[in-house]
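Subject: Structure for your review

Dear colleague,

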Amino acid sequence: MTEYLFEPPKQPSLAVEGEVARYPVGRIFCVGRNYAAHAAEMGNEVDREAPFYFTKSQHAVLESGGVLPYPPGSQDVHHEMECVVALGASVFKVDEAEAAGAVFGYGCGLDMTRRDLQQAAKDKRRPWDLGKDGEGMAVLGPLTRAEAVGPIGGQAIRLEVNGETRQEARLSDMIHGINAIIANLSLYYHLQPGDLIMTGTPAGVGPVAVGDHLVGEIEGLAPVRVAIGAAE
């Protein structure tokens with residue numbers, strides 16, 4: 001039996017619709033600027049050559065239905081509603097057809113962002129880590145197996161804050177499709193079961209405040225819900 005100097009972190013996991021067994025979360029890869037309208041609203045050019053990525057750590061996982069204390073060190077936290085892809089097979093340097101076979105399922109997710117810290121990092125040409133990778137800042141809904149969802153295409157994706165629609169688009173608006181993203185990412189990593197990919201956000205991102213209630217939905221998937229709590 002392995003002995004540790006202190007208790008290792010708890011393995012984060014997600015519920016799977018209609019199942020008892022849970023999905024253990026490994027790495028979290030995030031795609032930047034994958035909707036043209038969102039890139040434009042942020043003042044960025046659209047790069048159609050290939051996706052680009054940033055990551056979130058396991059400590060960022062917060063299951064749907066929880067409370068996210070307003071992230072420390074920021075005065076401008078934004079919501080970003082996304083489709084989450086959960087992998088169920090190991091792949092490395094695959095084409096798009098092989099990439100499709102690696103998908104376990106899909107879920108709704110919120111990439112919460114400390115926009116002021118992200119912008120400060122951009123201005124100084126520094127990494128975005130403080131802006132993106134914070135405790136509880138990957139809010140994730142239950143997963144639905146890929147075979148129960150069917151092909152990803154024109155499904156609507158939307159986010160409401162306190163009952164008001166803030167983001168609304170279709171998954172077909174993504175610049176880089178899901179299979180293309182997996183194939184590209186597999187050029188750089190040995191992808192494996194447990195890896196999640198947050199595939200980018202549509203236009204309409206904006207700030208949240210203490211007391212806000214967010215509900216994100218994608219057709220055919222369980223919604224993601226979170227309340228914004230007081231800063232700790």
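The largest nonpolar core has 44 residues, and Tyr106, Leu110, Met112, Ile182 and Leu214 have the most contacts inside it. A nonpolar core here is a set of buried Ala, Val, Leu, Ile, Met, Phe, Trp, Tyr and Cys residues joined through side-chain atoms within 4.5 Å. Buried stands for under 20% relative accessible area, exposed for over 50%, and partly exposed for what lies in between (1.4 Å probe, protein chains only). At least two residues of this core come from each of β3 (28–32), β8 (81–87), β9 (103–111), α5 (146–149), β13 (156–161), α6, β17 (213–218) and β18 (224–229). Helices (H or I, at least four residues) and strands (E, at least two) are DSSP runs, numbered from the N terminus. With five residues, α6 gives the most to this core. Another core, of 18 residues, lies apart from it and includes Ala60, Ala138, Leu140 and Leu196.

Two notes on the source apply throughout. This is a predicted model, in which local features need pLDDT of at least 70 and side-chain atom pairs count only at pLDDT 80 or more, while totals for chains, interfaces and linings use all residues. Residues are numbered from 1 along each chain as its sequence is written, and side-chain values use heavy atoms, with hydrogens and water left out.

Helix α6 (178–185) is mostly covered, with six of its eight residues buried. These buried residues are Ile178, Ile181, Ile182, Ala183, Asn184 and Leu185. They pack against β3, β4, β8, α2 (96–100), β9 and β15; contact means heavy atoms within 4.5 Å. Leaving aside residues up to four places away in sequence, Ile182 touches Val85, Leu87, Val91, Ala99, Val103, Leu191 and Ile197.

Ala50 is located in the loop between α1 (36–41) and β4, and it counts as partly exposed because its relative accessibility is 28%. The C-alpha atoms of Ala50 and His176 are separated by 7.5 Å, although the two residues are 126 residues apart along the chain.

The loop between α6 and β15 (196–198) contains Tyr189, which is partly exposed at 32% relative accessibility. Leu187, Tyr188 and Tyr189 make a nonpolar surface patch of about 320 Å². Patches are made of residues with over 30% relative accessible area and no salt bridge, with like charges joined within 9 Å and nonpolar side chains (Val, Leu, Ile, Met, Phe, Trp, Tyr) within 5 Å. The accessible areas come from the Shrake-Rupley method with a 1.4 Å probe, and for residues only the protein chains shown count as cover.

Salt bridges

Across the whole structure, a search finds eleven salt bridges, each defined as a side-chain nitrogen of Lys or Arg within 4 Å of a carboxyl oxygen of Asp or Glu. In one of them, Arg145 pairs with Glu19, and the closest N and O atoms are 2.5 Å apart. Arg145 lies in strand β12 (residues 144–145) and Glu19 in the loop between β1 (13–14) and β2 (23–24), so this pair ties together parts that are 126 residues apart in sequence. Arg145 is partly exposed at 31% relative accessibility, and Glu19 is partly exposed at 32%.

Lys56 forms a salt bridge with Asp111, with 2.8 Å between the closest N and O atoms. Because Lys56 lies in strand β4 (residues 52–56) and Asp111 in strand β9, the pair ties together parts that are 55 residues apart in sequence. Lys56 is buried at a relative accessible area of 4%, and Asp111 is buried at 0% relative accessibility. Asp111 also meets Lys132 in a salt bridge (2.8 Å, N to O). This second pair links distant parts of the chain, with Asp111 in strand β9 and Lys132 in helix α4 (residues 129–132), 21 residues apart. Both Asp111 and Lys132 are buried. Through shared partners, salt bridges join Lys56, Glu80, Asp111, Arg115 and Lys132 into one network.

Helix α3

Just after α3, Arg125 takes a positive phi of about 55 degrees.

Yours sincerely
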